[in-house]
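I opened this model with my notebook beside me. Below is what I looked up, entry by entry.

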Amino acid sequence: MIHLTRTGNVATIALARPEAKNALPTAAWQALAAAARDVGDARAVILRSDVPGIFSAGADVREFEQLQADPSLRTQFREAMREGIEAVAALPMPVIAAIDGGCFGAAVALILAADIRIAGKLSEFAVTPARLGLGYPREDVARLEAQVGRGMASLLLFTGDKLRPDEVHKIGLVELKTAKAIDTATAMANAIAGNAPQAVQLLKRTLRGEQTDQGFEDAFGGAEFAEGLAAFRARRNPAW
């Protein structure tokens, strides 16, 4: 259900469950967390689908009948979903979500764990719990609100309406819209991987509010800055 591959310094985590439109059962969220833990020293990560026409239908609704009958399974499902999403969010290197198809329900929560979201021309988005009589995890509501603002988050959650690439780009749910998201994401990931990896991770920590003034100052004494400055002076490409 989850495939992890590596090309050079770029890792790819791909959703691959074509028989269910990449709907993610409890086991898939756990597999997603395992894949995120295994990306190693990659300098950038692409989150994508290996199934044409769909990014993900979200959580597997076929599993929900069990959750209706067994309260203990509800906690297991919630914790597995949380584990998978937070494992992606916790990655120290940039994560780019490439969405070239439908992205619904919990899949929107998943792409919000990435740093950059790219919508292809065939993508569409909907946050659908209200259509099923369900809520949305508080962590994911908070990320959605931080991304698009409270009013727009309210609109998405309360209506469950589908939005096309132009619309999600306009409200800020995605950062880029393009003809084919995976092509743009691959080029972007390779460009990021060509920058100083520790500096990129330092910048990601700063965006998270985790970086100290001391960390900023210490970078001036680091090996990456020494190499970057030497390459600048010699007018050559740095060797990271």
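I started with my terms: buried means under 20% relative accessible area, exposed over 50% and partly exposed in between, with a 1.4 Å probe and protein chains only. Helices (H or I, at least four residues) and strands (E, at least two) are DSSP runs, numbered from the N terminus.

A note on the source: this is a predicted model, where local features need pLDDT of at least 70 and side-chain atom pairs count only at pLDDT 80 or more, while totals for chains, interfaces and linings use all residues. Residues are numbered from 1 along each chain as its sequence is written, and side-chain values use heavy atoms, with hydrogens and water left out.

Entry one, strand E2. I looked up residues 10–15 and found six of six buried. Val 10, Thr 12 and Ala 14 point one way, whereas Ala 11, Ile 13 and Leu 15 point the other way.

Entry two, the partners of E2. I count two strands as paired if DSSP finds at least two bridges between them. E1 (residues 2–7) runs antiparallel to E2, joined by six bridges, and Ile 2 has Leu 15 as its bridge partner. Their hairpin has two residues between the strands, and Gly 8 there takes a positive phi near 60°. With E3 (residues 44–49), E2 pairs in the parallel sense over six bridges. From E2 the chain crosses through helix H1 (residues 26–37) to E3, a right-handed β-α-β crossover; right-handed means that, with the strands pointing away from the viewer, the path from the first strand over the helix to the second runs clockwise.

Entry three, Asn 22. This residue lies in the loop between E2 and H1. Is Asn 22 buried or exposed? I found it buried, with a relative accessible area of 0%. Its side chain reaches the backbone nitrogen of Arg 17 at 2.6 Å and the backbone oxygen of Leu 15 at 3.5 Å. Leaving aside neighbours within four places in sequence, I listed its contacts (heavy atoms within 4.5 Å); among them are Ser 49, Ile 54 and Phe 55.

Entry four, the largest pocket. On a 1 Å grid over the protein atoms alone, a pocket is an open set of points where a 1.4 Å probe fits, with protein on both sides within 12 Å along at least five of seven lines; lining residues have an atom within 4 Å of a point. Of the 23 lining residues, the closest to the centre are Ala 59, Phe 64, Phe 77, Leu 134 and Gly 135. Helix H3 (71–89) gives the largest share of the lining, four residues.

Terms used. Polar contact = N/O pair within 3.5 Å; in protein donor to acceptor, adjacent residues only side chain to side chain.
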